Amino acid sequence: MEDQLLETWAIHDRINRYLLEAIPPEALAAVSASKGRSVGEQFAHLHNVRLLWLKQAAPELLDGLAKLEKSEAGDKATLLTALERSGAAIAALLAQGLRAGGKIKGFRPHAAGFLGYLISHESHHRGQVALTLKQAGHPLDRKVAFGLWEWGVR
């Protein structure tokens, strides 16, 4: 079961980057009609929340990771690299937690619940990104939009 949970995180993490890779660089500055974070800032937020959890649960996994500032949210390469690195650190945290009887320090009820929490949170923001892009005149290509749901090939 541990392998399946870790694979689930890996697929989810790759889907985030698949979405980001499909976004034109100029669209990273797009903001929803209801205001809030830009598209790029949404991705930076995902990375930064991962870092908050790592700081709480396993600070030793933060080595080489840094918070992204708003000024970095318009750089696709920076976002992709940050998400890849923080995604790997979260995978390590999940693996540690699963091997330690399902415990993630600072999170209840257990590591599987933590995985569900992370996927729910990040998927919420993926939806916000897709809506913002549509409102800003940069709708996702249909292939990409459907590709977000192709967990068997991501």
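Predicted model: local features only at pLDDT ≥ 70, side-chain atom pairs only at ≥ 80, totals over all residues.

Q: Is His45 buried or exposed?
A: The general idea is to compare the relative accessible area with a cut-off, and under 20% means buried. His45 has a relative accessibility of 16%, so it counts as buried.

Q: Which residues does His45 touch, not counting residues up to four places away in sequence?
A: The residues touched by His45 on that basis are Arg37, His121 and His125.

Q: How many residues of α2 are buried?
A: Burial can also be read over a whole element. In α2, 16 of the 19 residues are buried, so this helix is largely enclosed by the rest of the structure.

Q: How do the axes of α2 and α4 cross?
A: Helix α4 covers residues 111–135; its axis comes within 9 Å of that of α2, and the two cross at roughly 170°. Angles over 145 degrees count as roughly antiparallel, and α2 and α4 are therefore roughly antiparallel to each other. Their crossing is right-handed.

Q: Which residues make this contact?
A: From α2 the contributors are Val39, Gln42, Phe43, His45, Leu46, Val49, Arg50 and Trp53. From α4 they are Phe114, Tyr117, Leu118, His121, Glu122, His125, Gln128, Val129, Thr132 and Leu133. Sorted by class, the contact has ten nonpolar, six polar and two charged residues.

Q: Where is Gln128 found, and what is its relative accessible area?
A: Gln128 belongs to helix α4. Its relative accessible area is 30%, so Gln128 is partly exposed. Separation in sequence and in space may also be read side by side: Gln128 and Leu28 are 100 residues apart in sequence, while their C-alpha atoms are 13 Å apart.

Q: Where is Ser86 found, and is it buried or exposed?
A: Ser86 is in helix α3, which comprises residues 76–99. With a relative accessibility of 0%, Ser86 counts as buried. Leaving aside neighbours within four places in sequence, Ser86 is in contact with His47, Arg50, Leu51 and Leu65. Arg50 of α2 also takes part in the contact with α4.

Definitions and conventions
Residues numbered from 1 in each chain as written. Heavy atoms only, no water. Buried < 20%, exposed > 50% of the residue type's maximum accessible area, 1.4 Å probe, protein only. Helix = DSSP H or I, 4+ residues; strand = E, 2+ residues; numbered from the N terminus. Contact = heavy atoms within 4.5 Å. Axes fitted to C-alpha atoms, helices over the stretch in contact; angles between N-to-C directions. Parallel < 35°, antiparallel > 145°, perpendicular 65-115°, else oblique. Left-handed = near helix turned anticlockwise from the far one by under 90°. Nonpolar A, V, L, I, M, F, W, Y, C, P; charged D, E, K, R; others polar.
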